[in-house]
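Visitor: Could you take a close look with me at one part of this fold? I'd like to follow its packing step by step.

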Amino acid sequence: MLEQLKELILNYVEVDETEIEPSSRFSEDLGFNSYDFMCMLGEAEDELDVELDEAVAGKCKTVAELIEYLEEQK
């Protein structure tokens, strides 16, 4: 799941793949703005074939939190 999420993240922000770790925070560490983050969530829904509650997913601050939420939705 981490590798799939890394690919999605790299579509939205310009960071080195090695900088994306489970503890990485989306806005503070990776440079996401709220619009890009919500767009990435929409793409994650399509790629991973899950349905996300945007209010819940939007509260995920780190890569690990989002992975946990995505795995719960599968």
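Guide: Let's begin with helix α4, whose buried residues pack against α1, α2 and α3 (54-57); buried means under 20% relative accessible area, exposed over 50%, partly exposed in between (1.4 Å probe, protein chains only). This is a predicted model, in which local features need pLDDT of at least 70 and side-chain atom pairs count only at pLDDT 80 or more, while totals for chains, interfaces and linings use all residues. Residues are numbered from 1 along each chain as its sequence is written, and side-chain values use heavy atoms, with hydrogens and water left out.

Helix α4 covers residues 63-73, and its buried residues are Val63, Leu66, Ile67, Tyr69 and Leu70. Their arc around the axis (taken from the directions to the C-beta atoms) is only 165 degrees, so they lie on the same side of α4.

Setting aside residues up to four places away in sequence, threonine 62 touches Pro22, Ser23, Ser24, Arg25 and Phe26, where contact means heavy atoms within 4.5 Å.

Helix α1 (residues 2-10) and helix α2 (residues 34-48) have axes that come within 10 Å and cross at roughly 140 degrees. That angle makes α1 oblique to α2 (under 35 degrees is roughly parallel, over 145 roughly antiparallel, 65 to 115 roughly perpendicular, the rest oblique). Where they meet, Gln4, Leu5, Leu8 and Ile9 of α1 contact Met40, Glu43, Ala44, Glu47 and Leu48 of α2.

From alanine 44 to leucine 5 is 39 residues in sequence, and 7.7 Å in space, C-alpha to C-alpha. Leaving out neighbours within four places in sequence, alanine 44 is in contact with Leu8, Asp49 and Val50.

That list leads us to aspartate 49, found in the loop between α2 and α3. With 72% relative accessibility, aspartate 49 counts as exposed. Its phi is near 55 degrees, a positive value in a residue other than glycine. For context, most residues other than glycine have a negative phi.

Key. Axes are lines fitted to C-alpha atoms, for helices over the stretch in contact, and angles run from 0 to 180 degrees between N-to-C directions. Helices (H or I, at least four residues) and strands (E, at least two) are DSSP runs, numbered from the N terminus.
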